[in-house]
Amino acid sequence: MTDPIFAPSRRAVVAGGAVLLGAPTILRAQQLFAAYPFRLGVAAGEPAADGFVIWTRLAPDPLGEHGGMPMGAPVAVDWQVASDERFEMVVAKGTALARPELAHSVHVEVAGLLPDRPYFYRFTVGAERSQRGRARTLPLPGAAVGNVRFGVVGCQNYEDGLFTAYRHIAREDLQFVFHYGDYIYEGRDTPTQTGDRPIVREHAGQKLFDLADYRRRYAQYKLDPDLQASHASAAWFAVFDDHEVENNWAGDTDQENDPPEVFALRRAAAFQAYYEHMPFRITSFPGPGGMRIHRRAKVGTLLDLHLLDTRQFRTDQPCGDDFKPVCAAVADPAARMMSADEERWLFAALAERRARWNGIAQQVMMMPLDRRTHAEPASIRNMDSWGGYDAPRERLFGHLAGLGNAVVLTGDEHQNWAGELRTRGGQGEAVAVEFVTTSISSGGDGNDTRPGNDRIMAENPFLKWTNDRRGYATCEVTPDAWTTRFRVVERVTTPGAPVTTAATATVEHGRPALTLA
């Protein structure tokens, strides 16, 4: 099906190779483009039991003005979904509008499909056809499911390295992929070096501020063939973190100390570009109130996946942000990581005890790690993580207590971590397990561990394992166990690195503790 706001009027008439609506004109010319228009690939997202969203963007010159589209008019794009790779059994088809207001992107909400099976999709404009994508529907919410296997990815700084890990994840047999955020990075470093690491490939354009800036950056990332392969291999659930807008932003506060009303303009541009380039449903369409990204995916009776938003309604980071000694503001009872409405939504969903497992898919680490690596006299925490927000963290842990089935999936840290979530700042009872997945490229090649890791392990007995390579995670969930495999590549500064499993962590149902292999 096609969402009504993107559908051509039934009163449209064909004239001279274009569908004329009076205003605007919807173009259907056979020779519309000077170059291939599907250079940014295809993607699917938001899988449900009866369908998913399919996405593409027309951009014959992706880094050029307006993506190289030669006119300011909607373009009719045909789409097909088939049950076979050769499209001999087409089960759904239609036409959607690629609107200039949305950078000529297309979001089609496909419905009416059968549950728990793979489908293939593609787009056509005139004589031009996109590559083929694959997506799988979820099982019915009430179905008994014996196994689900999905991937976890994020933090893909283009300047820091190649997206080799995406090529490997495209070869995994996954039901879906969860992207925890930092799909793009908003800055631009000097062409020769970023910090103490060489720049592997340079960002196009300036630091991002307006809509054209953000659109160009997404286009540059989406030109990457490994990222395209990953999108084409499975449907994604995505949430944003900070770099889709600006590093460590929180609510209406940015790091530039801009007036909130000025930052709101930048954030609105960032949200629009994010929506334009990701396979979201219309329910996530950005508006004056922001962009709704917290939602729940039901995978039979096996797994409820709760996707969170920990940026839009967060209070400002305490203690001056960054890695800082703990100050009194960390215990502020009024601090928030989520809005009050989102908290109520999450706590009510957990109280249903509907599924065998609860997965909490979100952006920043929940473990309140003491980050001391040398002889620092006082405890240090990452104030941009849940470690800087004691009250919201303990409030959430109170609702996880007694479930025995909660697993938190996190990113942001550019490292792999595995540990137990314990109340009272890590000193109380274990209520869940947290798996923090490393970056695709952010941080460069990395090492097995970072300097100071021994001190961090000693100061945090609830932390069980760390690793500093790039890569992704796969999660295999059965009624009795949740198994996460940390898949890593040895380098991202040169192509062709193989992938290996750095560790395998297993959680038994009913027992919030880790077993590592």
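The following paragraphs look at salt bridges in this predicted model. Because the model is predicted, local features need pLDDT of at least 70 and side-chain atom pairs count only at pLDDT 80 or more, while totals for chains, interfaces and linings use all residues. Residues are numbered from 1 along each chain as its sequence is written, and side-chain values use heavy atoms, with hydrogens and water left out.

Side chains of opposite charge can pair when their charged atoms come close. The structure holds 37 salt bridges, each being a side-chain nitrogen of Lys or Arg within 4 Å of a carboxyl oxygen of Asp or Glu.

One of them joins the side chains of Glu-46 and Arg-295, at 2.8 Å from N to O. Glu-46 belongs to strand 4 (residues 42-48) and Arg-295 to strand 15 (residues 295-299), so this pair ties together parts that are 249 residues apart in sequence; strands (E, at least two residues) and helices (H or I, at least four) are DSSP runs, numbered from the N terminus. Glu-46 is buried at a relative accessible area of 8%, and Arg-295 is buried at 13%, where buried means under 20% relative accessible area (1.4 Å probe, protein chains only).

A salt bridge also connects the side chains of Arg-201 and Asp-224, at 2.9 Å from N to O. Here Arg-201 sits in the loop between strand 13 (176-179) and helix 2 (211-222), whereas Asp-224 sits in the loop between helix 2 and helix 3 (225-233), 23 residues apart. Arg-201 counts as buried at 15% relative accessibility, and Asp-224 is buried at 6%.

Arg-381 and Asp-390 meet through their side chains at 2.7 Å, N to O, and both residues are buried. Elsewhere, Asp-241, Asp-242, Arg-311, Arg-314 and Asp-384 are linked in a network of salt bridges.

Methods:
Buried means under 20% relative accessible area, exposed over 50%, partly exposed in between (1.4 Å probe, protein chains only).
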